[in-house]
Amino acid sequence: MKRFDQQFLARDSESWVGMEVDELVGFLLPKCQEVITTDRLRQKISEHPTLKVKFGIDPTASEIHIGHVVPIMLLRQFAKAGHHIDFIIGDFTARVGDPTARDTGRVPLSPEQIVKNMETYTNQIGKYIDLRMLHIHYNAKWLNPMTLQEIFAIFQQINLSEAMQREDFRARMRNEQAVSLAEVCYGVLMGIDSVHLGTHVEIGGIDQLLNFQQCRKIMRQSGMDEEVILMTPILEGTSGDGKKMSKSYGNYVAVNATHEDKFGKIMSIPDRLIGQYFRCFADVHQRELEELDAFIGENPMEAKKQLATLIVAAETQHIEDGLRERESFERKFSQKSICNEDCIELTEDANTTILDALVKSGQFKSKSELRRLFDQQGVRVMNEDGEVILSPEIVVGQVCGVVRVGKRRFFQFVTA
Amino acid sequence: MIAYSICESPLTHPNVLRLGFSIWARNPPKDYLSIYPKAAEEARKRAGSENVSLCALVDDVWPMVALSRTRKEQQNISDRFVALLPDLGFHEIHLVSDFVKDAALGAYLPHATRVTMSEFWKLLPQSKKTISDNLTLNEILGFLWHIHVLEIALGEFRLTGLLVGIRSEFFYLMTRKLLPPHDVYFVNTS
């Protein structure tokens, strides 16, 4: 059986410095949904031994999911090839609020929130990219002190009507939702970042297209060569209902999740997403796509296990970590064999209801979450005869065997 | 003379009204400005205050930037404001270049988060709305700058209120939303 997980993980630690242009582009393109433009990308790589590659984030959330990591994986490819990475922390633009893909305005962040979010953010992306490869900039450093004359000269070149012509703005205004003046200016501020840094290539999600177009315009009007834009897809969530990965949809894999949780959630994605996830999280070359897709088509379960193994192992760079989770997963779900290590042991009075005992375990957000699981017949006792659905009123003394809650949590009760 | 006023601010010196009047020093001052000292006196009577002090806030920074003037060119016009306004009855003359020390983007852009595009559109005079396709983002910049100037002036000169032309009604209604409490007297200028 082909082991793509091992093949791709081994590639993680390679240096790509000096790689031929077409070879590098062959690795970059599978990660991109859109490139403006591929020809200019090739040309820029040829012309500049060290490209200036920009990636910017507004530190709007403290905890991120693997959907946020997708452009980081593309950024990492440039870093491996020895290019200069400018990592912009939008401490100034976060005060303004990126309007991208919002149906309502964002709440601007306080400086304290920004600092706090940034600390946790960099800790999390540090699992996927060597932070020492990044030249970290805070854009308030150059945006904050811009003089009236300087900003006037730039704003003078941007037509107000054109700035308002974004489809997301028009949709919001049609729905009588507010668009702030600051949001109208946001793309221009991003463009000033690019001008300031002399960016050759910018990376971001496809939802940033309108901001990127503004960046290119600002560069052009400043007499600079327009940056090349590489846009990654917006990762679809694990539930397979077509919605993007998002905390608010509950279809996400947190970067800080345990290996077990990560593995389990990746195993829950529909088969049609396996290829997209591989492209996002592995260094897949264009010439390998056909073989990979054929493998996924013929062996979807095996491909998904390899994908989950790879995503777990990518965090530590040790394939053993991924393989350990795979072994554990197969034991629990394929062989239905649960060992003591898989279970959380709870000591309770025999007359305590199983609902109360599970609430006290601290493993669930709320009693109502647990009640929902009971209602969905998601709490079962596993014994030699198979699985028996439990009701919340059953007392601990009546339970004999391992209790499975949801898909992946196991409990063993000991009576006090 | 005063069309209407909004007086809600907690006055720290109820016996003395301190009113600000903001003007853009694009062109040399004209005699029609004498209407404002008269309006200030009317405001004093309405408020039942003993005294009124009218402070001219002469913006010599924005025209210099917007019209690409040299410092010297702007100085010639600003000097004429300084010379004429006391004769018209203004008690204090303050040039914006003297009292606005922080002209950096970070000082005034945050106001932009609190104003919607629809609100901003209402502020634009009809003459600009008819050429809306030709307007640039500097319309927004000019608005933010003006808010910034007023914010500093209110604190720096302990102004209790602003005296404004009725044509700028929407702008100053917005100003009340963004800035610390202050009174506004709308003056009929026609």
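## An exposed glycine, and the overall picture

Keep in mind throughout that the model is predicted.

Stepping back to chain A as a whole, there are 19 helices and eleven strands. The C-alpha atoms of the chain fill a box of roughly 80 × 50 × 35 Å along the principal axes. Of its 416 residues, 40% count as buried. If you look at contacts in chain A with a separation of 6 or more, 73% of them come from residues 24 or more positions apart.

## Two domains

The domain assignment of chain A gives two domains, domain 1 covering 33–232 and domain 2 covering 340–415. Taken over C-alpha atoms, their centres are separated by 47 Å.

## The six-stranded sheet

An open sheet of six strands runs through chain A in the order β1-β6-β5-β2-β3-β4, with mixed pairing. Its edges are β1 (34–36) and β4 (134–138) of chain A; each has a single partner strand, so one side of each is left without a neighbour in the sheet. On average, neighbouring strands here are turned by 20 degrees against each other, ignoring direction.

Strand β2 (residues 52–57) of chain A meets strand β3 (residues 84–89) of chain A in the parallel sense, over six bridges. Within this part of the sheet, F55(A) has F87(A) of β3(A) as its bridge partner.

## Helices on the sheet

Helix α3 (residues 38–47) of chain A packs on the sheet, where it touches β1, β5 (201–205) and β6 (228–232) of chain A. The direction of α3 makes about 120 degrees with that of β6(A). Another helix, α4 (residues 66–80) of chain A, lies across β2, β3, β5 and β6 of chain A and runs at about 155 degrees to β5(A).

The buried ones are I274(A), Y277(A), F278(A), R279(A), C280(A) and F281(A). Their cover includes α4, α15 (289–298) and α16 (300–316) of chain A.

## Where chain A meets chain B

How many residues of chain A are in contact with chain B? There are 31, and they touch 25 residues of chain B. On the chain A side, the elements giving two or more residues are α5 (93–96), α7 (140–143), α8 (148–155), α9 (160–163) and α11 (181–197). By residue type, this side of chain A divides into 22 nonpolar, eight polar and one charged.

## Nonpolar cores

The largest nonpolar core has 138 residues, and those with the most contacts inside it are C185(A), L19(B), I140(B) and L163(B). Helix α8 (residues 138–156) of chain B supplies the largest share of this core, with ten residues. Apart from neighbours within four places in sequence, I140(B) is in contact with L181(A), V184(A), C185(A), A112(B) and F120(B).

There is also a second, separate core of 14 residues. Among its members are I354(A), A357(A), L370(A) and V379(A).

## Backbone details to check

A few backbone angles may interest you. I36(A) and T37(A) are joined by a cis peptide bond, with omega about -10 degrees. T37(A) has its place in the loop between β1 and α3 of chain A.

Which residues other than glycine have a positive phi? One of them is Q317(A), with phi near 65 degrees; Q317(A) lies in the loop between α16 and α17 (319–334) of chain A. Another is Q377(A), with phi near 60 degrees, in the loop between α19 (367–375) and β8 (379–383) of chain A. Q317(A) is exposed because 11 other C-beta atoms lie within 10 Å, and Q377(A) is likewise exposed, with 11 other C-beta atoms within 10 Å.

Terms used
Residues numbered from 1 in each chain as written. Chains lettered and ligands numbered in written order. Predicted model: local features only at pLDDT ≥ 70, side-chain atom pairs only at ≥ 80, totals over all residues. Pairing = 2+ DSSP bridges. Helix = DSSP H or I, 4+ residues; strand = E, 2+ residues; numbered from the N terminus. Axes fitted to C-alpha atoms, helices over the stretch in contact; angles between N-to-C directions. Contact = placed C-beta atoms within 7 Å. Nonpolar A, V, L, I, M, F, W, Y, C, P; charged D, E, K, R; others polar. Buried ≥ 20, exposed ≤ 12 C-beta atoms within 10 Å, placed from the backbone. Domains from an automatic or database assignment. Core = buried A, V, L, I, M, F, W, Y, C linked by C-beta atoms within 7 Å.
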